[in-house]
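Please keep the viewer open as you read.

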Amino acid sequence: LIVKSGDTFPELSAASGDFEDWIAAGLGVGNGRVEICCPPRGEVLPDPSEISGAVVSGSHAMVTDREGWSTATAGWIRKTLGSGVPLLGICYGHQLLAEAAGGRVGDNPRGREFGTAEIVMLPEAKRDPLFRGLPGTIRGHVCHAQSVIVPPPGAVPLASSVRDPHQAFRLGKQAWGVQFHPE
(Lines give C-alpha, C1' and ligand atoms only; values in the text may rest on other atoms or scores of the structure.)
Protein backbone atom coordinates (compact mmCIF):
# COMPACT_ATOMS: atom_id res chain seq x y z
CA LEU A 1 0.00 0.00 0.00
CA ILE A 2 1.22 3.48 -0.82
CA VAL A 3 -0.41 6.06 1.43
CA LYS A 4 -0.42 9.19 -0.73
CA SER A 5 -0.26 12.07 1.74
CA GLY A 6 -0.21 14.75 -0.94
CA ASP A 7 0.82 15.69 -4.45
CA THR A 8 4.05 17.02 -5.85
CA PHE A 9 4.15 20.24 -7.85
CA PRO A 10 1.91 20.04 -10.97
CA GLU A 11 4.75 20.84 -13.39
CA LEU A 12 6.93 18.12 -11.86
CA SER A 13 4.09 15.61 -11.86
CA ALA A 14 3.34 16.33 -15.52
CA ALA A 15 6.97 15.68 -16.45
CA SER A 16 7.97 12.88 -14.06
CA GLY A 17 4.94 11.43 -12.28
CA ASP A 18 3.90 11.87 -8.68
CA PHE A 19 4.95 10.54 -5.27
CA GLU A 20 3.22 7.18 -5.75
CA ASP A 21 4.90 6.65 -9.14
CA TRP A 22 8.36 7.32 -7.71
CA ILE A 23 7.74 5.08 -4.70
CA ALA A 24 6.40 2.22 -6.82
CA ALA A 25 9.41 2.51 -9.14
CA GLY A 26 11.78 2.56 -6.15
CA LEU A 27 10.12 -0.57 -4.79
CA GLY A 28 10.55 -2.21 -8.18
CA VAL A 29 6.82 -2.72 -8.69
CA GLY A 30 4.40 -1.16 -11.11
CA ASN A 31 1.38 0.79 -9.93
CA GLY A 32 -0.76 -2.23 -10.88
CA ARG A 33 0.86 -4.27 -8.08
CA VAL A 34 0.26 -1.75 -5.34
CA GLU A 35 -2.82 -0.19 -3.87
CA ILE A 36 -2.77 3.58 -3.56
CA CYS A 37 -4.87 5.35 -0.95
CA CYS A 38 -5.04 9.13 -0.66
CA PRO A 39 -6.42 10.18 2.75
CA PRO A 40 -6.32 13.94 1.92
CA ARG A 41 -8.96 13.17 -0.76
CA GLY A 42 -11.16 11.38 1.75
CA GLU A 43 -10.11 7.85 0.80
CA VAL A 44 -10.34 5.34 3.66
CA LEU A 45 -7.21 3.39 4.58
CA PRO A 46 -7.59 -0.41 4.55
CA ASP A 47 -7.29 -2.55 7.63
CA PRO A 48 -3.60 -3.46 8.12
CA SER A 49 -4.56 -7.16 7.93
CA GLU A 50 -5.42 -6.59 4.25
CA ILE A 51 -1.94 -5.41 3.21
CA SER A 52 1.56 -6.86 3.16
CA GLY A 53 3.40 -3.56 3.73
CA ALA A 54 2.94 0.20 3.53
CA VAL A 55 4.84 3.33 2.53
CA VAL A 56 3.54 6.72 3.71
CA SER A 57 4.63 9.42 1.26
CA GLY A 58 5.75 12.98 1.66
CA SER A 59 3.37 15.93 1.51
CA HIS A 60 3.34 19.70 1.38
CA ALA A 61 1.11 19.60 4.48
CA MET A 62 2.52 20.12 7.97
CA VAL A 63 2.06 17.43 10.63
CA THR A 64 1.57 20.14 13.28
CA ASP A 65 -1.52 21.45 11.44
CA ARG A 66 -3.25 18.24 12.56
CA GLU A 67 -5.71 18.19 9.70
CA GLY A 68 -8.50 15.63 10.08
CA TRP A 69 -7.14 13.27 7.42
CA SER A 70 -3.67 13.46 8.99
CA THR A 71 -4.92 12.71 12.49
CA ALA A 72 -6.89 9.74 11.11
CA THR A 73 -3.79 8.52 9.26
CA ALA A 74 -1.76 8.77 12.49
CA GLY A 75 -4.37 6.52 14.15
CA TRP A 76 -4.06 4.07 11.26
CA ILE A 77 -0.26 4.13 11.68
CA ARG A 78 -0.62 3.24 15.37
CA LYS A 79 -2.88 0.32 14.42
CA THR A 80 -0.43 -0.77 11.72
CA LEU A 81 2.51 -0.63 14.15
CA GLY A 82 0.67 -3.11 16.36
CA SER A 83 -0.07 -5.45 13.45
CA GLY A 84 3.47 -6.42 12.46
CA VAL A 85 3.00 -5.11 8.90
CA PRO A 86 6.22 -3.48 7.57
CA LEU A 87 5.90 0.29 7.36
CA LEU A 88 8.11 3.03 5.89
CA GLY A 89 7.43 6.73 6.37
CA ILE A 90 9.12 9.18 3.99
CA CYS A 91 9.49 12.89 4.92
CA TYR A 92 5.93 13.78 6.02
CA GLY A 93 5.35 10.05 6.56
CA HIS A 94 8.49 9.92 8.75
CA GLN A 95 7.23 12.83 10.85
CA LEU A 96 3.70 11.41 11.10
CA LEU A 97 5.11 8.02 12.14
CA ALA A 98 7.15 9.72 14.86
CA GLU A 99 4.18 11.68 16.18
CA ALA A 100 1.81 8.69 15.99
CA ALA A 101 4.27 6.68 18.10
CA GLY A 102 4.68 9.36 20.78
CA GLY A 103 7.45 11.58 19.40
CA ARG A 104 7.28 15.32 18.77
CA VAL A 105 7.36 17.14 15.42
CA GLY A 106 7.89 20.86 14.91
CA ASP A 107 9.68 23.51 12.92
CA ASN A 108 13.30 22.50 12.45
CA PRO A 109 15.31 24.73 14.83
CA ARG A 110 18.24 24.57 12.38
CA GLY A 111 16.08 25.93 9.55
CA ARG A 112 14.68 24.54 6.35
CA GLU A 113 16.65 21.71 4.76
CA PHE A 114 16.43 21.76 0.98
CA GLY A 115 18.49 20.21 -1.81
CA THR A 116 20.98 17.38 -1.57
CA ALA A 117 22.32 16.66 1.90
CA GLU A 118 25.03 14.44 3.24
CA ILE A 119 23.29 11.76 5.31
CA VAL A 120 25.57 10.09 7.86
CA MET A 121 24.78 6.55 8.97
CA LEU A 122 24.88 6.09 12.74
CA PRO A 123 26.42 2.97 14.36
CA GLU A 124 23.13 1.06 14.65
CA ALA A 125 22.59 1.35 10.87
CA LYS A 126 25.25 -1.34 10.36
CA ARG A 127 22.98 -3.84 12.15
CA ASP A 128 19.67 -2.67 10.72
CA PRO A 129 17.99 -4.97 8.17
CA LEU A 130 17.06 -2.03 5.92
CA PHE A 131 20.19 0.11 6.28
CA ARG A 132 23.00 -2.43 6.61
CA GLY A 133 25.18 -2.51 3.55
CA LEU A 134 24.86 1.22 2.94
CA PRO A 135 28.08 3.23 2.94
CA GLY A 136 28.84 5.39 5.99
CA THR A 137 27.62 8.48 4.15
CA ILE A 138 25.07 8.86 1.37
CA ARG A 139 23.74 11.87 -0.48
CA GLY A 140 19.98 12.24 -0.22
CA HIS A 141 17.38 14.70 -1.46
CA VAL A 142 15.74 16.72 1.32
CA CYS A 143 12.93 19.25 1.31
CA HIS A 144 11.37 20.06 4.68
CA ALA A 145 10.77 22.87 7.14
CA GLN A 146 9.54 20.61 9.94
CA SER A 147 11.43 17.72 11.52
CA VAL A 148 11.20 15.10 14.20
CA ILE A 149 12.25 17.16 17.23
CA VAL A 150 11.96 14.30 19.74
CA PRO A 151 11.93 10.73 18.40
CA PRO A 152 9.28 8.38 19.76
CA PRO A 153 10.11 6.20 22.77
CA GLY A 154 12.11 3.15 21.72
CA ALA A 155 13.17 4.62 18.37
CA VAL A 156 16.57 3.41 17.20
CA PRO A 157 18.50 6.27 15.52
CA LEU A 158 19.92 5.25 12.14
CA ALA A 159 21.05 8.41 10.30
CA SER A 160 21.61 12.15 10.73
CA SER A 161 22.62 15.24 8.78
CA VAL A 162 24.06 18.62 9.73
CA ARG A 163 20.60 20.22 9.83
CA ASP A 164 18.61 17.23 11.07
CA PRO A 165 19.88 14.81 13.72
CA HIS A 166 16.88 12.51 13.15
CA GLN A 167 17.18 11.70 9.42
CA ALA A 168 16.20 8.07 10.01
CA PHE A 169 15.02 5.79 12.79
CA ARG A 170 13.52 2.35 13.29
CA LEU A 171 10.66 1.39 15.57
CA GLY A 172 10.53 -2.24 16.59
CA LYS A 173 11.43 -4.75 13.89
CA GLN A 174 9.21 -3.56 11.04
CA ALA A 175 8.82 0.24 10.96
CA TRP A 176 11.21 2.89 9.64
CA GLY A 177 11.07 6.63 9.14
CA VAL A 178 13.36 8.54 6.79
CA GLN A 179 13.35 12.33 6.53
CA PHE A 180 15.25 12.23 3.24
CA HIS A 181 13.66 11.11 -0.03
CA PRO A 182 14.87 7.68 -1.19
CA GLU A 183 12.25 7.62 -3.94
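How many salt bridges does the structure hold? The structure holds eight, where a salt bridge is a side-chain nitrogen of Lys or Arg within 4 Å of a carboxyl oxygen of Asp or Glu. Before we visit some of them, please note that this is a predicted model, in which local features need pLDDT of at least 70 and side-chain atom pairs count only at pLDDT 80 or more, while totals for chains, interfaces and linings use all residues. Residues are numbered from 1 along each chain as its sequence is written, and side-chain values use heavy atoms, with hydrogens and water left out.

Start with Lys4 and Asp18, whose side chains form a salt bridge with an N to O distance of 2.8 Å. This pair links distant parts of the chain, 14 residues apart: Lys4 sits in the loop between strand 1 (2–3) and helix 1 (10–16), and Asp18 in the loop between helix 1 and helix 2 (19–27). Helices (H or I, at least four residues) and strands (E, at least two) are DSSP runs, numbered from the N terminus. Both Lys4 and Asp18 are buried; buried means under 20% relative accessible area, exposed over 50%, and partly exposed in between, with a 1.4 Å probe and protein chains only.

Now turn to Arg66, which has a salt bridge to Glu99 with the closest N and O atoms 2.8 Å apart. Here too the pair links distant parts of the chain, as Arg66 is in the loop between strand 3 and helix 3 while Glu99 is in helix 4, 33 residues apart. Arg66 is partly exposed, at a relative accessible area of 46%. Another salt bridge is that of Arg127 with Glu124, at 2.9 Å between the closest N and O atoms. Arg127 is exposed, with a relative accessible area of 54%, whereas Glu124 is partly exposed at 24%. Salt bridges with shared partners also join Lys4, Asp7, Asp18, Glu20 and Arg41 into one network.

Glu20 takes us into helix 2, where Phe19, Glu20, Trp22, Ile23 and Ala24 are buried. Among the elements covering these buried residues are strand 1, helix 1, strand 2 (36–37), strand 3 and strand 4 (87–90). After helix 2 comes Gly28, with a positive phi near 80°. Phe19 and Trp22 are three residues apart in helix 2, about one turn of the helix, and Phe19 has 8% relative accessibility.

What about the nonpolar interior? In soluble globular proteins, nonpolar side chains tend to be buried together. A nonpolar core is a set of buried Ala, Val, Leu, Ile, Met, Phe, Trp, Tyr and Cys residues joined through side-chain atoms within 4.5 Å. The largest one here has 26 residues, of which Leu1, Trp76, Ile77, Leu87 and Phe169 touch the most other members. Strand 3 (54–56), helix 3 (68–81), helix 4 (92–100) and strand 10 (168–171) each supply at least two residues of this core, and helix 4 gives the most, with five. Beyond its neighbours within four places in sequence, Ile77 is in contact (heavy atoms within 4.5 Å) with Val56, Leu87, Leu96, Leu97 and Ala100. Apart from this core lies another, of 23 residues, including Ile119, Phe131, Ala168 and Val178.

Finally, consider the cysteines. A disulfide is a pair of cysteine sulfur atoms within 2.5 Å, and by this rule the count is zero. Cys38 is in no disulfide, the nearest cysteine sulfur being that of Cys37, 7.4 Å away; Cys38 is buried, at 3%. His181 lies in the segment after strand 11 (175–178) and is buried at 16% relative accessibility.
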